[in-house]
Amino acid sequence: MQENKIIEQAAISEQEAQQVLDQIKDIIAETVHCEEKKLILSARWKNDLDADSLDMAFVLIAVDKKLDMYVNDQDGWNADSSLRDTCCGIARTLKQMGRL
C-alpha cells in the first residue's frame with residue numbers, strides 16, 4: 001500500500017506540486033496564521049505549521065471553493081502530511097479533470 005502511494009506521488013512533478021501550492025498559499029497562510037515564506041513543499045501540517053485538524057478542514061473547504069473542485073480529503077490531508085503530499089493530491093484531481 002505505501003509503495004503504491006509513493007508511485008502515485010511520483011506521477012506529479014515537483015513543478016506541478018509547486019504550481020498548486022502557489023495557488024493556495026494565501027488560503028493556508030490566512031487559515032493557519034503563518035507567514036507565506038514558511039509554506040514550502042517539505043513543510044508538515046502539524047510539525048512545521050502547527051495546524052490542527054480543524055485548520056486543515058477550513059483549508060480544504062476554501063481550496064474546494066477557490067479551485068472549483070472536490071478535494072479528496074484522503075489524499076494528503078492528514079496532520080503528518082507535508083504540503084507536497086497535499087498539493088500532489090490536489091494536482092492528481094486537477095489532472096483527472098483535465099485542468100493541470
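Biologist: Which residue forms a salt bridge with Asp26?

Modeller: This is a predicted model, and Asp26 in it lies in helix H2. The partner lies in helix H3, so the pair ties together parts that are 40 residues apart in sequence. The closest N and O atoms are 3.0 Å apart, and the partner is Lys66.

Biologist: Is Lys66 buried, partly exposed or exposed?

Modeller: Buried means under 20% relative accessible area and exposed means over 50%. Lys66 has a relative accessible area of 44%, so Lys66 is partly exposed.

Biologist: Where do Arg44 and Asp85 lie, and how far apart are their closest N and O atoms?

Modeller: Arg44 lies in the loop between H2 and H3, whereas Asp85 lies in helix H4. The pair therefore ties together parts 41 residues apart in sequence. Arg44 is partly exposed at 32%, while Asp85 counts as buried at 13% relative accessibility. The two form a salt bridge, with their closest N and O atoms separated by 4.0 Å.

Biologist: How many salt bridges does a search of the whole structure find?

Modeller: Among them is the pair of Lys37 and Glu35, with closest N and O atoms 3.4 Å apart. For the whole structure, the search gives six.

Biologist: Is H2 roughly parallel or roughly perpendicular to H4?

Modeller: The axes of H2 (residues 14–32) and H4 (residues 83–96) come within 8 Å and cross at roughly 105°. Angles of 65 to 115 degrees count as roughly perpendicular. H2 is therefore, relative to H4, roughly perpendicular.

Technical notes:
Residues numbered from 1 in each chain as written. Predicted model: local features only at pLDDT ≥ 70, side-chain atom pairs only at ≥ 80, totals over all residues. Heavy atoms only, no water. Axes fitted to C-alpha atoms, helices over the stretch in contact; angles between N-to-C directions. Helix = DSSP H or I, 4+ residues; strand = E, 2+ residues; numbered from the N terminus. Parallel < 35°, antiparallel > 145°, perpendicular 65-115°, else oblique. Salt bridge = Lys/Arg side-chain N within 4 Å of Asp/Glu carboxyl O. Buried < 20%, exposed > 50% of the residue type's maximum accessible area, 1.4 Å probe, protein only.
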